[in-house]
Amino acid sequence: MGSNNEIKVTIIGTGSYLPEKVLTNRDLERIVDTSDEWIVTRTGIKERRISSPEQAASDLGTEAAKNALENAKISPEELDAIIVATITPDMFFPSTGCIIQNNLGAKKAFALDLNAACSGFIYALAVAYSFLKAKLCSKILVVASEVLSKITDWQDRNTCVLLGDGAGAAVLSATTEKDPPKQILSIFLASQGEYGDLLNMPAGGSRIPASVESVKNRLHFLKMKGKEVFRIAVISMLEAARRGLEMCNTSLDKLKLLIPHQANIRIINAIGERLGLSSEQVYVNVDRYGNMSAATVAVALDEVTKSNKLNRGDIVELVAFGAGFTSGSCVIQW
Ligand code: COA
């Protein structure tokens, strides 16, 4: 593929951090009118992690980042950039990226945040990939960190049973090696802004600034029309998975493992079935963490990497869907 000095982008380390506190479905039965049975059959979720009152996105993200740097065996000073995907930043500004840069002591790196909701990790990989391909950088840290528990309406059983907190990270590096391991072969991104109203947090921005009224009306929480989102999530992730493989001329029968966004086991199963994949070919951790937005795919990638179950040359595809709507996929050759 290409000339000898062509830049290739590889993942040289991954990391994750999950808050200690586990919130089970039984715990939720005491908070809203729900049942373990309803949650498990409708979503596949058994438990999720919840951050402490003091923890913000940068705290989870910093831990995941340290873990990824250690795994990549590089120091923070070697980083040229830090890209943080989050919909739950510490605050509007400064960016969570700058806060993590300071926490790590990554003095040489520039830092930025990116909001593509649950597709955020794949969008951030795409931005990092482009910087590396364009020779603007040679090592980039991508972090996906979410504390959804802080924007969850704990009185709304339609949404509070679905969400969780966590962070994942990956270190990307440019190389001219001919056939490097964990090489990104393609990235596909798409957005469908016409569906913005189906999944959003209405207040706190410039459209509805924070006010006594906005707080009273519970507008600072995540709102979702679950049924409509479900349908479009399946269609969009199927399209993204197919397009990502097409972009690197790889057929579905070569796919070893699909790592989909973890929102609902029924969405994951629908995608796996329609792509003709066996259950072993589709990664699942939604039972343990629920939907952690941008962090889901990042944490899953770290778990897959550290399980050492994949072999050199295996084809792996990440695929995600989220508010916006956004969707995306990323094909990696192990
Ligand atoms: N416990 C018990 N009952 C609940 C409940 C809960 N936690 N949440 C909702 N219900 C009720 C509803 O009120 C509804 O009752 P009603 O018929 O009396 O109004 C009933 O369960 C069925 O709701 P329905 O909307 O048909 O359920 P569903 O099968 O669509 O599942 C979701 C609901 C939210 C789990 C599902 O739509 C979903 O996962 N959507 C996509 C979410 C997603 O992927 N979001 C993120 C995208 S990045």
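This report describes the surroundings of the ligand and the aromatic ring pairs in a predicted model.

**Around the ligand**

The ligand is surrounded by 23 residues, and the closest of them are Thr 34, Arg 42, Arg 157, Lys 227 and Asn 264.

| Residue | Ligand atom | Distance |
|---|---|---|
| Thr 34 | nitrogen | 2.6 Å |
| Arg 42 | oxygen | 2.9 Å |
| Lys 227 | oxygen | 2.6 Å |

On its own the ligand has 960 Å² of accessible area, of which the protein covers 75%. Two or more residues of the shell come from each of the elements α2 (36-43), α6 (157-160), α8 (226-247), α9 (265-274) and β12 (315-322), and α8 gives the largest share, with four residues. Sorted by class, the shell consists of ten nonpolar, eight polar and five charged residues.

**Aromatic pairs**

There are three aromatic pairs in the structure. In one of them, the ring centres of Phe 110 and Phe 131 lie 5.6 Å apart and the planes meet at 75°, an angle over 60 degrees, so the pair counts as edge-to-face. Because Phe 110 belongs to strand β5 (residues 110-114) and Phe 131 to helix α5 (residues 120-133), this pair ties together parts that are 21 residues apart in sequence. Phe 110 has a relative accessibility of 38% and therefore counts as partly exposed.

The rings of Phe 321 and Phe 325, with centres 4.7 Å apart and planes at 55°, form a tilted pair, and both residues are buried. Together with Tyr 195, Phe 321 and Phe 325 are linked by ring pairs into a cluster.

Notes:
Residues numbered from 1 in each chain as written. Predicted model: local features only at pLDDT ≥ 70, side-chain atom pairs only at ≥ 80, totals over all residues. Heavy atoms only, no water. Near = heavy atom within 4 Å. Polar contact = N/O pair within 3.5 Å; in protein donor to acceptor, adjacent residues only side chain to side chain. Areas by Shrake-Rupley, 256 points an atom, 1.4 Å probe, with all protein chains shown as cover. Nonpolar A, V, L, I, M, F, W, Y, C, P; charged D, E, K, R; others polar. Phe/Tyr/Trp six-rings, centres within 6.5 Å; stacked < 30°, edge-to-face > 60°. Buried < 20%, exposed > 50% of the residue type's maximum accessible area, 1.4 Å probe, protein only.
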